[in-house]
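Hello,

Here is the structure we talked about handing over. Please open it first, then read the notes below.

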Amino acid sequence: MPAPLANIPVHLITGFLGSGKSTLIHRLIEQKPADERWAVLVNEFGQVGIDQTMFEERDDLVVKELPGGCLCCQLAFVMQATLVNLLRRHRPDRVIIEPSGLGHPAGLLEVLGGEAFEGVLALGEMVAVLDPRRLDDPRALEHETFRDQLTLADGVALTMVDLVSHEQVARAKAWLAELWPAKRWIMEAPLGRLPLARLLEAGAPASPRAPPGSEIHRRLRDAAGGALGSQGVVLEAFAAPLPAPGRPQREEGEALGYATLGWRWHPDDRFELDRLAMLLGELPSTLRVKGVFHCDAGWRLYNRVAGQASLTASAWRRDSRLEVIGAAGSLPDAAVLEARLAACRLGAASPA
C-alpha cells in the first residue's frame, strides 16, 4: 500500500498574458532533479489549448491542461478535482501550477489552502512573471488583475530582459519596489532562466493573502461568472474528437474584457510553413498569437508576444492548433481568417 501523500511542494507561477510563464516553467523543468517526478497543471484563457503542446511527454513529468476559462474563479472546482486525481494517480514529488494570464490568484490560493489539501500540499512562494514592457502600456497598469497578480506575489521574475533596454528594467524594478507588501525578491530571468534554487530555498509565503471574502476577489468572481468554460465546456472541449480532415473546429469566446479565437485541425491537414508564417505575421501586433502546426517542414510551434514571433520544432503530433487572443473587439473576422488559413494548407488553390 503506497504511503499517504504529505506536504508535496506546490509552486504557483502567475503573470499576465504573454509574460513568459510557460518558458520559465520549461527552464525550471530543465533543472529538475533526476530522481523527482513533477506535475504541471496549466490553465489557458482560450478554449483550444496550446500550452500543453509545448511540453514533451516523458515518464518523470505529468502535464495536465485545463483550457477555456480561469482556474482562479469559475473553474476552481474543476481544478480541485483534477489536482486530486493527478496527485493520487501520479504521486508527484513537486507540483507547478500556471493559471491563466487573466486569472486572479485569490480564488486559487483559497482552494490550495483549503481543507481538501490540508497536510497534502505545502504551498510555497507565489512567483509572478513580468515583461518590463507591460509597464509602458497604460492599459496594463490600469488592469486590476495585472496589478493584483504582482501585489500578491512573494517574488517577481523579470522576463524578456534581453529584449528591453536597461532603462525599462530599472523602471520595472523601481515600480515593483513601491508595491506593498514588499517583494521578497526581484530577479532578472532572461529567456525564462530562473534558478530552481530560488524556489527550493523559499520558505512559507511571506505576503498577506487576500481573504476569501475580500472585495477584490468578489468582483473577480462576479466578472468571471459569464466567462469561458463557466458551464463545463472546458471539459468537453479538451476531450472532443478530432475534426475531420479539411474541416477545422473553430472556438470563440469573450470574457473579462478579452476575446479569444481558435481552431483545431486534423493531423493529416498540412500547412505550407512560409505562407502560414507570413499570414500570422500580418495579424495586428497587439494580438497574442500561438499555435502548433503540421507543416511541410514537420511540426512547428509558433509563438508571438508583443509582436515578437518565434518558430521552433515541436514534439506534438495529435492535431494542429491556433489561438488568437486580444482585447474585446480587436480580433480579425473569424470567417475571413479561417478562409485565409485554409489557403495555407498544402494542396489548397492559390487565392485569385
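How many aromatic pairs does a search of the whole structure find? It finds 7. Please keep in mind that this is a predicted model.

Two of the pairs are worth a look.

Start with Phe146 and Trp175. Their rings form a tilted pair. The centres are 6.4 Å apart, and the planes make an angle of 35°. The pair joins distant parts of the chain. Phe146 sits in helix α5, residues 144-152. Trp175 belongs to helix α6, residues 166-177.

Trp175 has a relative accessible area of 21%, so it is partly exposed. The cut-off for buried is under 20%.

Now go to Trp265 and Phe293. Their ring centres are 6.1 Å apart. Their planes stand at 50°, so this pair is tilted. It also links distant parts of the chain. Trp265 is in strand β9 (residues 258-265), and Phe293 is in strand β10 (residues 288-295). They are 28 residues apart. Trp265 is buried, at 2% relative accessibility. Phe293 is buried too, with a relative accessible area of 1%.

Back to the first pair for a moment. Which residues form one aromatic cluster with Phe146 and Trp175? Phe16 and Tyr258 do.

Next, the sheet. Strands β9 and β10 both belong to an open sheet of 6 strands. The order is β8-β9-β13-β10-β11-β12, and the pairing is antiparallel. Which strands stand at the edges? They are β8 (249-255) and β12 (308-313). Each has a single partner strand, so one side of each is left without a neighbour in the sheet. On average, neighbouring strands are turned by 15° against each other, direction ignored.

Look at the β8 end in detail. β8 pairs with β9 in the antiparallel sense, over 7 bridges.

Helix α11, residues 334-342, lies across β8, β9 and β13 (320-327). It runs at about 30° to β9.

- Trp265 and Phe293, for the pair that links strands β9 and β10.
- β8 and β12, for the edges of the sheet.
- Helix α11, for its course across β8, β9 and β13.

Best wishes

Notes:
Residues numbered from 1 in each chain as written. Predicted model: local features only at pLDDT ≥ 70, side-chain atom pairs only at ≥ 80, totals over all residues. Heavy atoms only, no water. Phe/Tyr/Trp six-rings, centres within 6.5 Å; stacked < 30°, edge-to-face > 60°. Helix = DSSP H or I, 4+ residues; strand = E, 2+ residues; numbered from the N terminus. Buried < 20%, exposed > 50% of the residue type's maximum accessible area, 1.4 Å probe, protein only. Pairing = 2+ DSSP bridges. Axes fitted to C-alpha atoms, helices over the stretch in contact; angles between N-to-C directions. Contact = heavy atoms within 4.5 Å.
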